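Take a moment with the sequence and the model below. Then read on for a guided walk through the fold.

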Amino acid sequence: MTREENRLITDLGTLKALAHPLRMQLYRGLCVARTATASQLADQVDEAVSLVSYHLRKLAEHGLVEEAEPQSADGRERWWQPASDGVSIRDENFRDAPERAAAHLAATRLFHEQRADMYRRYLDERPTWGPEWNSAAPDNESLLRLTPAELAELGGELLALAKKYDEKGRAADAAGDTEGRENVALHVYGFPFRV
């Protein structure tokens with residue numbers, strides 16, 4: 001199976017599978033680690049291995065994760081990886097029926113809440129990161145005057161820039177350049193508003 005760069009989710013079943021709080025945590029954990037066992041992920045999310053295994057199988061049923069090549073000699077360990085480099089869930093694919101629109105909205109709210117929790121955790125832990133990380137971490141707001149097409153273009157450019165830095169960081173990591181390198185979350189929201 002060829003790995004997809006970014007999986008576009010358009011069906012309600014897959015959206016609902018991913019929009020489960022624990023499943024989204026597991027999916028995010030796999031995206032960061034690239035490969036992991038249910039035991040490793042269970043330690044990260046502080047849940048039972050059997051529960052994590054169940055939810056990984058549910059994600060696999062929808063093609064969101066897949067089995068990975070074993071990373072150790074222990075043949076009993078089952079390794080998992082994301083089935084694509086990421087997922088994309090767009091409003092236009094869920095507007096056609098009220099229940100689909102409601103499910104999309106609920107999923108979007110969950111994803112936002114989890115992202116906000118990640119940022120709150122960083123703020124709570126900020127003193128432990130030190131001045132270099134705290135100075136480097138952007139916290140910006142830009143109030144722009146754009147058309148929908150311009151906002152879409154801006155979003156595409158920001159995504160491409162983030163991908164460039166991700167590839168650069170992962171290549172350095174693979175080459176053994178791990179000094180000072182940490183996982184970094186970059187959350188970008190662009191939305192219209194009225195004053």
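The paragraphs below go from the whole chain to single residues.

This is a predicted model. The protein chain has 195 residues, and buried residues make up 25% of them. Its secondary structure comes to 6 helices and 5 strands. In what order do the elements of the protein chain run from the N terminus on? The order is β-α-α-β-α-α-β-β-β-α-α.

Next come the overall dimensions and the surface. Along its principal axes, the C-alpha trace spans about 60 × 50 × 35 Å. The protein chain exposes about 13,800 Å². Carbon and sulfur atoms supply 52% of that area. The chain carries 25 positive and 33 negative charges.

Now turn to helix 2, which covers residues 21-33.

Helix 2 is followed by Arg 34. This residue sits in the loop between helix 2 and strand 2, which covers residues 36-37. Phi of Arg 34 is near 75 degrees, a positive value in a residue other than glycine. Most residues other than glycine have a negative phi. Is Arg 34 buried, exposed or partly exposed? Its relative accessibility is 32%, so Arg 34 counts as partly exposed; the range for that class lies between 20% and 50%.

Asp 46 also has a positive phi, of about 55 degrees, although it is not a glycine. Asp 46 lies in the loop between helix 3 (38-45) and helix 4 (49-61). With a relative accessible area of 69%, Asp 46 is exposed, because the cut-off for exposed is over 50%.

The last stop is the aromatic rings. The count comes to 2 aromatic pairs. The rings of Tyr 119 and Tyr 122 have their centres 5.9 Å apart. Their planes stand at 35 degrees, so the pair is tilted. Both residues lie in helix 5, which covers residues 98-136. They are 3 residues apart, about one turn of the helix. Why does that spacing matter for direction? An α-helix has 3.6 residues a turn, so residues three or four places apart point the same way. Tyr 119 is partly exposed, with a relative accessible area of 32%. Tyr 122 counts as buried, at 16% relative accessibility.

Trp 129 and Trp 133 form an aromatic pair as well, and this pair is edge-to-face. The distance is 6.1 Å centre to centre, with 70 degrees between the planes. Trp 129 and Trp 133 both lie in helix 5, 4 residues apart, again about one turn of the helix. Trp 129 is partly exposed, with a relative accessible area of 30%. Trp 133 also counts as partly exposed, at 29% relative accessibility.

Technical notes:
Residues numbered from 1 in each chain as written. Predicted model: local features only at pLDDT ≥ 70, side-chain atom pairs only at ≥ 80, totals over all residues. Heavy atoms only, no water. Helix = DSSP H or I, 4+ residues; strand = E, 2+ residues; numbered from the N terminus. Expected span 1.5 Å × (residues − 1). Buried < 20%, exposed > 50% of the residue type's maximum accessible area, 1.4 Å probe, protein only. Areas by Shrake-Rupley, 256 points an atom, 1.4 Å probe, with all protein chains shown as cover. Lys, Arg positive; Asp, Glu negative; His and termini not counted. Charge placed at Lys NZ, Arg CZ, Asp CG, Glu CD. Phe/Tyr/Trp six-rings, centres within 6.5 Å; stacked < 30°, edge-to-face > 60°.
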